[in-house]
Amino acid sequence: MPYSPSLTRADVTPKRLFLNRRALIAGAAALAATPAFPAGFSTDEAPNALEDITSYNNYYEFGFDKTDPAAYASKLTTDPWSVTVDGLVDNPGTYPLAELIAGLPIEERIYRFRCVEAWSMVVPWQGLQLSGLLEKLGVQAGAKYVAFETLHRPEEMPGQSRPGIEWPYREGLRLDEAMHPLALLATGLYGAPMPNQNGAPIRLVVPWKYGFKSIKAIVRITLTDTQPQTTWNMLQPNEYGFYANVNPKVDHPRWSQASERRIGGGLFAGRVDTPMFNGYEDHVASLYTGQDLAKDY
Ligand SMILES: Nc1nc2c(c(=O)[nH]1)N[C@H]1C(S)=C(S)[C@@H](COP(=O)(O)O)O[C@H]1N2
Ligand SMILES: [Mo]
């Protein structure tokens with residue numbers, strides 16, 4: 001079913017059924033032989049409503065306001081879509097998206113999502129583990145980083161005609177971060193194909209890092225031996241580092257990162273404490289052993 005801007009919660013799996021199905025899946029996994037990883041890494045927190053997730057967005061290709069992506073991203077052509085894979089990889093090339101991800105299991109995972117601007121959501125993503133794709137592509141011995149680029153198509157992305165950001169939007173991960181099973185290439189949410197404003201047809205989701213690492217509308221994946229340039233680091237290196245791990249103890253120069261505002265929490269929701277690595281500390285802390293996270297922010 002192609003995403004249409006008129007899609008509502010009623011068109012996709014109702015939340016109650018969705019959660020019950022998850023409980024069933026978790027139960028089945030518990031009965032099966034010890035899974036490689038605990039039942040899918042999903043949080044027990046209640047997902048935000050589809051309405052919240054699709055109407056309060058950051059996607060500067062469509063403007064600076066949180067409502068711009070929902071207003072303008074429907075113009076983006078997401079089919080056909082191809083992704084160029086290059087650099088230190090056994091199988092470089094430009095692949096139609098379906099071919100790129102063919103054979104890789106699509107999973108449902110409910111992740112916490114924390115923006116560097118100190119707001120948060122809980123999102124039921126659908127997607128494939130980035131590690132699976134990298135294994136399929138064949139990472140070569142010298143590769144140390146994975147770089148990603150968003151589509152550059154000013155005719156359909158009006159924000160790309162404005163000065164400020166050097167397009168295309170780009171991001172990157174260290175190879176061990178990219179291989180971590182939590183790192184997801186998301187192709188949908190709430191059981192339906194990805195809405196355009198959330199990064200259709202394929203976007204990264206790295207739930208232990210600030211939201212800006214989770215690059216949308218990916219058209220290029222490059223394996224490299226040097227740390228890639230990243231959009232927010234290029235703009236404001238003293239405010240946005242390459243790592244961008246969620247860390248309540250390291251404040252942004254202009255505001256605290258100790259707490260966050262949960263979108264959709266209602267008028268009296270207030271702020272909640274932000275946990276280290278956005279709650280994924282047990283899973284990812286070992287990636288950074290020996291690093292000073294105040295320096296490697
Ligand atoms: N290409 C691209 N990817 C992007 C952005 C962007 O402006 N352009 N914004 C980032 C930021 S700052 C955040 S918080 C998340 C927002 O994702 P969401 O709109 O799905 O919540 O997307 C990230 N990925
Ligand atoms: Mo963000």
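This is a predicted model: local features need pLDDT of at least 70, side-chain atom pairs count only at pLDDT 80 or more; totals for chains, interfaces and linings use all residues.
Local features are reported at pLDDT of at least 70 and side-chain atom pairs only at pLDDT 80 or more, whereas totals for chains, interfaces and linings use all residues. Residues are numbered from 1 along each chain as its sequence is written, chains are lettered from A and ligands numbered from 1 in the order in which they are written, and side-chain values use heavy atoms, with hydrogens and water left out.

The aromatic rings come first. Two rings of Phe, Tyr or Trp (its six-membered ring) are paired if their centres lie within 6.5 Å; planes under 30 degrees apart count as stacked, over 60 as edge-to-face and the rest as tilted. The model contains 13 aromatic pairs by this rule. One of them joins phenylalanine 212 and tyrosine 240 in an edge-to-face arrangement, with 5.5 Å from centre to centre and 80° between the planes. Phenylalanine 212 belongs to the loop between strand 9 (203-205) and strand 10 (218-224), and tyrosine 240 to the loop between helix 7 (231-235) and strand 11 (259-262), so the pair ties together parts 28 residues apart in sequence. Here helices (H or I, at least four residues) and strands (E, at least two) are DSSP runs, numbered from the N terminus. Phenylalanine 212 is buried at 9% relative accessibility, and tyrosine 240 is buried at 8%. For these classes, buried means under 20% relative accessible area, exposed over 50%, and partly exposed in between (1.4 Å probe, protein chains only).

A further pair is formed by tyrosine 243 and tyrosine 288, whose ring centres are 6.1 Å apart and whose planes stand at 90°, so this pair is edge-to-face. Tyrosine 243 lies in the loop between helix 7 and strand 11, while tyrosine 288 lies in the segment after helix 8 (281-284), 45 residues apart. Both tyrosine 243 and tyrosine 288 are buried. Phe212 and Tyr240 also belong to one aromatic cluster together with Tyr60, Phe64 and Trp232.

Tyr60 leads on to the ligand. Ligand 1 has 17 residues around it, of which Asn57, Tyr60, Glu61, Thr150 and Lys216 come nearest; a residue is counted here if one of its heavy atoms lies within 4 Å. This shell divides into eight nonpolar, six polar and three charged residues, where Ala, Val, Leu, Ile, Met, Phe, Trp, Tyr, Cys and Pro count as nonpolar, Asp, Glu, Lys and Arg as charged, and the others, Gly among them, as polar. An N or O atom in the side chain of asparagine 57 is 2.8 Å from an oxygen atom of ligand 1. For glutamate 61, a side-chain N or O atom is 2.8 Å from a nitrogen atom of the ligand. Arginine 203 places a polar side-chain atom 3.1 Å from an oxygen atom of ligand 1. Taken alone, the ligand exposes 530 Å², of which the protein buries 98%; these areas come from the Shrake-Rupley method with a 1.4 Å probe.

The peptide bond from aspartate 79 to proline 80 is cis, with omega near 10°, and proline 80 lies in the loop between helix 3 (68-72) and strand 1 (82-87). Alanine 200 and proline 201 are likewise joined by a cis peptide bond, with omega about 0°; proline 201 is in the loop between strand 8 (192-193) and strand 9.

Technical notes. A polar contact is a pair of N or O atoms within 3.5 Å; within protein, one must be able to donate a hydrogen and the other to accept it, and residues adjacent in sequence count only if both atoms are side-chain atoms.
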